[in-house]
Amino acid sequence: MKRFVIFIFLMIMQSPSYAVLPTEILKNPELEARARSISQTLRCLVCQNQSIDDSDASLAKDLRVIVRERLTAGDSDDQVFNYVVARYGNFVLLQPPVQSDTLILWAAPFVLLLLALGLAIKYLRKQPPLEGQT
Amino acid sequence: MITELGHFALLLALMTSIIQATLPLYGAHRQDRALMQLASVCGVASFLLVGLAFASLIYAFVMDDFSVKLVVTSSEIAKPLIYKITGVWANHEGSMLLWVLILVIFAAAIALFGINLPAPLKARVLAVQGMIATAFIAFLVFTSNPFERLAIVPPDGNGMNPLLQDPGLAAHPPCLYLGYVGFSVAFSFAVAALIEGKVDATWARWVRPWVLIAWCFLTMGITLGSFWAYYILGWGGWWFWDPVENVSFMPWLAGTALLHSALVVERRHALVSWTILLAILTFSLSLIGTFVVRSGVLTSVHSFATDPTRGTFILMIIMVATGGALLLYALRIPTVRQGAPFAVISRESSLLLNNVLLVVAAATVFIGTFYPLLIDLIGKDKISIGAPYYNRTFIPLFIPVLIAMVIGPFLKWKRDDLGPALKKLKSPLAIAVIIAFVVAAFSLGNKILTASAIGLSAWIVLGSFWVLAKRIKLGTVATAQSFAILRSTPRAYFGLLFAHVGLGLVVGAIATVTTWQEENILAMKPGDQTSISTYGVKLTKIEQVPGPNYNAERGTFELSSAGKTFTVLTAERRFYPLQQSLSNQTGIRTNLISNIYIAMGEADQSGAWTVRIYYHPLAPWLWIGGFIMAFGGFVSLSDRRFRVGAHA
């Protein structure tokens, strides 16, 4: 029975998602454009890897409104991010910050690329010589 | 009764799989023909038994047998027949049974079509397949039994997730699984080769078609999944870097690398040990994909199951399969003869570069997917990784792939010079650069990145056609002679052409749709007019429409161009009372160049409805391109070299 309840709960959770609502959109198109681009990099905390720009969860709506309020109050983009991170932590950023525990995350792709290229070059060098090669 | 029959068949399949996994190995060791032959017999028997089990589960769903627990949790009487059938794999137990079914289909195919495979190799390959089948059938029987009965039979079921009641999603899991599981064949061949300690040309010729099949289906599966997300989620997104998407993308990247390195083994007998390692890794990534989706370890829309015992079981399978195979690799790879040498500038090197970049790209997606889990385990912070991360890491890694994929086919095997190869590509390069400049000029220099991406797309598309044009000596000899060469050109050339052109089209579509999409989100009442791009949109009416197991609010929209109505679109919001949940039926109008996309939202107090209208230029080519890629794979598969019984 417990599993049934969880199942039903999950079903209800999975209602379709909608993005920004008409009532939220700012009159100033320049501010709205900034709000949109900020929203796209903020995570809806109760969703699964969705940005608040894509989500219809009420929490996402609240965040969208907060972002717009801060922008209207004259905050810069960075100030908005700081404001939101101060309240919700790094979890809210879809682009994780570069800090001590994410160094590996940011460095890994390029370190791995160098490593893989190095191994490939080593493989090429270690080969027996091609016949007829000078 | 039929359910018990299915259950019993599954238990028998466990027995035949255990036999298939053990005795033939011993037989291959002792050169005992009868024991080796047993592998094929068991492979076919397992296929028939799992097929029977699967059929009986379909029967239970179609007949609304609510004494079966699975039917109760994921079906209902009012559901249309097609979704009763597809509902079989729209849940954990059923989808794992489908996984196993596909696995035994592949094994039976090896047993039946592998007539000219050397008997010991065949026995060993099938034995490894038997081990995988044993593990997964045991997983089904002991942790996820689809045939479990209920003591008290409810009058109706709980229904199925409305988002999954969709034709796109009916085909998506089987395609994806054909891809995932298809890589098991490459894995089994790799392990069998390691046991034998030798890899010859026959081996490579045998592995490549299986890798191709798996790759084609995985490509289609990912494309279908992306399309499904696009039209059902209601805001026009088509790729989210969601963990569940990522875990299907990783085996695709590794599988694409494998496809190319297996080519080097087949043609030149080089990169042998690397290809074996890659085959093991690709299937491990497929297993990880299954694990992530089935265990719900990274929560996502797709995790229906949150039972940790299942996750642990699959994790054990992954560890034993990957760990065992890697151990065997470490022990046996020194005995595998090293490949033929090749120069730094050669076809082989270009394919090696392809492998380096694709594997690092796959590793990047892997790190991005699992790093939040690691940070969470350390316990100090919680982080999210989304599109911005991949835009800064994955895309820079993939751009060299896109540039090099055109040059590679122009290089000769063994040794070549870059100069003459590039000289042959003068024209496509010139046209691509001109296109990029034209786009940049038209956007007044604001869209340099988009312009470069479109130039890159043109480079790939034109450069790929150039391979064929050069081969048939178009323009340098008489047309009739060109045509004659064209007719004798192996299908593999056309396969390359389609697959590469498909990717080029996807790149162009991504650049275009992300840069020039338009949206119009507003509240509309019937009779209201608005516009998107150059089109007029009028909401003519909103009505209630009853469906078989839902009630829909349907909005009807007239699209007009220059004041003339040219089509009528409907978009629905469906409410499923049984599940108390909503789904979206978006209205999409495509002319194959762009899409107009309308999704209905909620009504406010004043009786106005939230309507989302999008204009997506070139969006259709995201998926058409994906299917062209898969089509290229199938064309390549039909090449003479791969036909059963053909000797190269």
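**Exercise 1.** Are α3(A) and α4(A) parallel, perpendicular or oblique to each other?

This is a predicted model, in which local features need pLDDT of at least 70, side-chain atom pairs count only at pLDDT 80 or more, and totals for chains, interfaces and linings use all residues. Residues are numbered from 1 along each chain as its sequence is written, while chains are lettered from A and ligands numbered from 1 in the order in which they are written.

*Solution.*
1. Take the two helices (DSSP runs of H or I, at least four residues): α3 spans residues 58-72 of chain A and α4 residues 77-88 of chain A.
2. Their packing angle is about 140 degrees, and their axes lie 10 Å apart. Axes are lines fitted to C-alpha atoms over the stretch in contact, with angles from 0 to 180 degrees between N-to-C directions.
3. Under 35 degrees counts as roughly parallel, over 145 as roughly antiparallel, 65 to 115 as roughly perpendicular, and the rest as oblique. α3(A) and α4(A) are therefore oblique.

**Exercise 2.** Which residues of α3(A) and α4(A) meet?

*Solution.*
1. Contact requires C-beta atoms, placed from the backbone, within 7 Å.
2. From α3(A) come Leu63(A), Val67(A), Arg70(A) and Leu71(A); from α4(A) come Gln79(A), Val80(A), Tyr83(A) and Val84(A).

**Exercise 3.** Is Tyr59(B) buried, partly exposed or exposed?

*Solution.*
1. Locate Tyr59(B) in helix α2 (residues 33-62) of chain B.
2. Count the other C-beta atoms within 10 Å: 16.
3. Buried needs 20 or more, exposed 12 or fewer, and partly exposed lies in between. Tyr59(B) is therefore partly exposed.

Terms used: Contact = placed C-beta atoms within 7 Å.
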